[in-house]
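Colleague: Can you walk me through this one? I have a few questions.

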Amino acid sequence: MFGLLYSSQAFTSVEKYTPAEIQLMHQIYQQQNSDISLSQTRYRLYENQFLLSEAKRLMPNKVARLSDVGFTTGYHVERYLNNLFINQLHLPPSIEASNNVKHFTASWLTNTLGEYPANGQYSETQKNTLNLVKLENFAFPAMSVYDFIKPLSMQIRFRLHQGDNQLFHTEIAKKHQYFINLEKATNAFKAKNINIDNLISIAQGDILRPSIQSWLGVKDMMHGQSPILEQLEKQVSEQQINQYYQKNKSRFKYLYQITAQGAEFKNRNDAVKFKNEVAKSTFKVALKAANMNDIYSKFNNNINREHKKEWVVQLAFTQNENELSEVIRSPTGLWVVVLTSNYEYKYFAATGQTVRYQAIKSVALQNAHQQYQQKWAAWHTQNEIKL
């Protein structure tokens, strides 16, 4: 079944984390989860590395940038690591880029960037033009304006094209600060046996982890459907659907028919008085005493799902069996009291759409988890990582 999705592959080499790197990340993770253990931290770091290898194999276009409208992964990595450097090395939380930003005025920005592309995608002509303008004399390596703004979100790029030079200064300051802190961290962490390249990989894994797991079908996907689940759903057999139905038949039990009695009033006080009378005697006696008609008499007091287009029927199906309802306001402003009994249950047909939908979704999800665990186990075994 899984052959179409997971053919055999040669595993890429992995980064082996030092005890100091694991200890550092343990401290970081404890800020969000104080109960996380050192072994759980180690497990997470290597699982993240496995997830990255799967992403590079199955969704390489998503590794660099998850969404056309969002920031690149590299941009998020710089923010992640900059915060880590600041917290671990007690560095200043902000820094001025320098006086070199003064000539980046609003007019300079609009003249340099030109019109923002209607579809958000730069043409080759625009790329070539923006690549000719260089940003130099900052802590970060000299780069073209295009390389500088390419990692930014669509919203920020749009604002820059409108001449928001303060935002441009802010983004320059962020990159300026990152490279200053990166140099300090490289020297400080090297003495502690912590490799900056490993931290970059760890940051990338943490940032992409939720999206990759969603893509693989083992976590809920906020928007859209996992392509892995979509393919697995197509592979669910009729036999598996039937087996799921037999094993989980209780989930498909539904209330089909009930006996209902009811009365409706224009005045709430009359409805409350009627309810009290029912409590003292019976619904039938109270109706007769009040000279009221039973609102369910047109159904012969037996209602089922075929009648549920009417509000009073929907109301009856929400009540507890043999329990007199509260006084309830109807959509038309009347006050209603109902009593339901004789609940009759049925099961959705094994071949019905309700069963098929739930079965296909559930079986596919189970298979996604199974193949995920199989691949994860094969990966850490192949790479001799003991967990």
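The chat below goes from the overall form to a few residues.

Modeller: Before that, this is a predicted model, in which local features need pLDDT of at least 70, side-chain atom pairs count only at pLDDT 80 or more, and totals for chains, interfaces and linings use all residues. Residues are numbered from 1 along each chain as its sequence is written, and side-chain values use heavy atoms, with hydrogens and water left out.

Colleague: How many helices and strands are in the protein?

Modeller: The protein has 16 helices and six strands. These are DSSP runs numbered from the N terminus, helices being H or I with at least four residues and strands E with at least two.

Colleague: And is it compact or spread out?

Modeller: The radius of gyration is 32 Å, well over the 21 Å that the globule rule gives for 387 residues, so the protein is more spread out than a compact globule. That radius is taken over C-alpha atoms, and the rule is 2.2 Å times the number of residues to the power 0.38. Along the principal axes, the C-alpha trace spans about 95 × 55 × 45 Å.

Colleague: What share of the residues is buried?

Modeller: Buried residues make up 44% of the 387. Buried means under 20% relative accessible area, exposed over 50%, and partly exposed in between, with a 1.4 Å probe and protein chains only.

Colleague: What about contacts between residues 24 or more positions apart?

Modeller: They account for 71% of the contacts with a separation of 6 or more. A contact means heavy atoms within 4.5 Å.

Colleague: Changing topic, how many aromatic pairs does a search of the whole structure find?

Modeller: The search finds 26 aromatic pairs. Rings of Phe, Tyr and Trp (its six-membered ring) pair if their centres lie within 6.5 Å; planes under 30 degrees apart count as stacked, over 60 as edge-to-face and the rest as tilted. One of the pairs is tyrosine 17 with tyrosine 46, tilted, at 4.9 Å centre to centre and 50 degrees between the planes.

Colleague: Where do tyrosine 17 and tyrosine 46 lie?

Modeller: Tyrosine 17 is in the segment before helix H1 (19-30) and tyrosine 46 in helix H2 (residues 38-58), so the pair ties together parts that are 29 residues apart in sequence. Tyrosine 17 is buried at 9% relative accessibility, and tyrosine 46 is buried at 2%.

Colleague: What does tyrosine 43 pair with?

Modeller: Tyrosine 43 forms an edge-to-face pair with tryptophan 376, at 5.4 Å centre to centre and 80 degrees between the planes. Tyrosine 43 lies in helix H2 and tryptophan 376 in helix H16 (residues 353-382), so this pair ties together parts that are 333 residues apart in sequence. Tyrosine 43 is partly exposed at 32%, whereas tryptophan 376 is buried at 1%.

Colleague: Is lysine 175 buried or exposed?

Modeller: Lysine 175 counts as buried, at 13% relative accessibility. It lies in helix H9 (residues 165-190). Not counting residues up to four places away in sequence, lysine 175 touches Glu78, Phe140, Met143 and Phe148. Phe140 and Phe148 belong to one aromatic cluster that also includes Phe104, Trp108, Phe138 and Phe168.

Colleague: Last one, what is the phi of asparagine 137?

Modeller: Asparagine 137 has a positive phi of about 65 degrees, although it is not a glycine. Most residues other than glycine have a negative phi. Asparagine 137 sits in the loop between strand S1 (134-135) and strand S2 (143-144), and it is exposed at 64%. Asparagine 193 also has a positive phi of about 65 degrees; this residue lies in the loop between H9 and helix H10 (196-216) and is partly exposed at 49%.
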